[in-house]
Amino acid sequence: MNPLSLIVVVVLLLFAGFLAGSESAINSISRIYVEELQQKSSRRAAWVSRVLSEPARYLNVILFVRKACELTATVIVAEELRTRFESSLQALALAIAIMLLLSYVVVGVGPRTLGKQQAGRWIVPACFVARIMSTVLGPITSLLIAIGNAIRSEEHMSELQSPCNLVCRLLLE
């Protein structure tokens with residue numbers, strides 16, 4: 001693997017890990033800690049309070065960027081391995097194995113545990129980054145959520161109109 005690709009993969013996975021820990025910190029921070037933070041630093045408390053007032057908005061952006069980092073790192077590793085192996089199948093299998101292991105440790109277990117156990121230390125940088133990402137990417141994630149909701153709404157409507165559901169509703173009436 002060339003050094004630049006390796007550096008990019010490491011940075012992407014570390015940032016994805018930070019974002020995974022941020023999700024845990026946002027979901028597990030106590031209101032008491034936020035009140036204590038308000039007494040110490042009004043600016044930091046304002047960042048945290050703003051994120052905690054609309055957690056879904058910020059968590060959606062964090063999820064979007066985390067998945068983008070993980071997928072980009074996976075594609076880079078797969079492409080690097082594809083150029084080194086004669087068999088694309090071997091390269092793909094190795095890329096999957098490597099990235100599954102790295103993602104599980106570097107993005108999954110470690111950061112999530114730390115984010116939950118050390119939520120007080122993690123929450124301020126998490127909220128700062130979440131607010132920046134939400135400002136830049138918020139409209140994109142909002143659009144994607146709206147599309148997903150519209151698709152789900154159409155699926156729900158077609159489920160309600162399926163012959164089986166119509167018969168069941170008639171029987172219940």
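This note goes through a helix, the aromatic pairs and the salt bridges of the structure above.

1. Basis of the note. The model is predicted, so local features are taken only at pLDDT of at least 70 and side-chain atom pairs only at pLDDT 80 or more, while totals for chains, interfaces and linings use all residues. Residues are numbered from 1 along each chain as its sequence is written, and side-chain values use heavy atoms, with hydrogens and water left out.

2. Helix α1. Helices here are DSSP runs of H or I with at least four residues, numbered from the N terminus. Helix α1 covers residues 3–28, and its 26 residues reach 37 Å from the first C-alpha to the last, close to the 38 Å expected at 1.5 Å a residue; the expected span is 1.5 Å times one less than the number of residues.

3. Aromatic pairs. The structure holds three aromatic pairs, a pair being rings of Phe, Tyr or Trp (its six-membered ring) with centres within 6.5 Å, and planes under 30 degrees apart count as stacked, over 60 as edge-to-face and the rest as tilted. The rings of Phe15 and Phe18 have centres 6.1 Å apart and planes at 25°, so this pair is stacked. Both residues lie in helix α1, three residues apart, about one turn of the helix, and Phe15, Phe18 and Trp122 form one aromatic cluster.

4. Phe15 is partly exposed at 31% relative accessible area, where buried means under 20%, exposed over 50% and partly exposed in between (1.4 Å probe, protein chains only). The rings of Trp47 and Phe128 have centres 4.9 Å apart and planes at 50°, so that pair is tilted. This pair links distant parts of the chain, with Trp47 in helix α3 (residues 42–53) and Phe128 in helix α6 (residues 119–160), 81 residues apart.

5. Salt bridges. The whole structure contains six salt bridges, each defined as a side-chain nitrogen of Lys or Arg within 4 Å of a carboxyl oxygen of Asp or Glu. In helix α4 (residues 55–84), Arg82 and Glu79 are three residues apart, and their closest N and O atoms are 2.7 Å apart in a salt bridge. Glu80 and Arg84, also both in helix α4 and four residues apart, meet in a salt bridge at 3.6 Å, N to O. Salt bridges that share partners join Glu23, Arg66, Glu70 and Arg112 into one network.

Definitions and conventions. Helix = DSSP H or I, 4+ residues; strand = E, 2+ residues; numbered from the N terminus.
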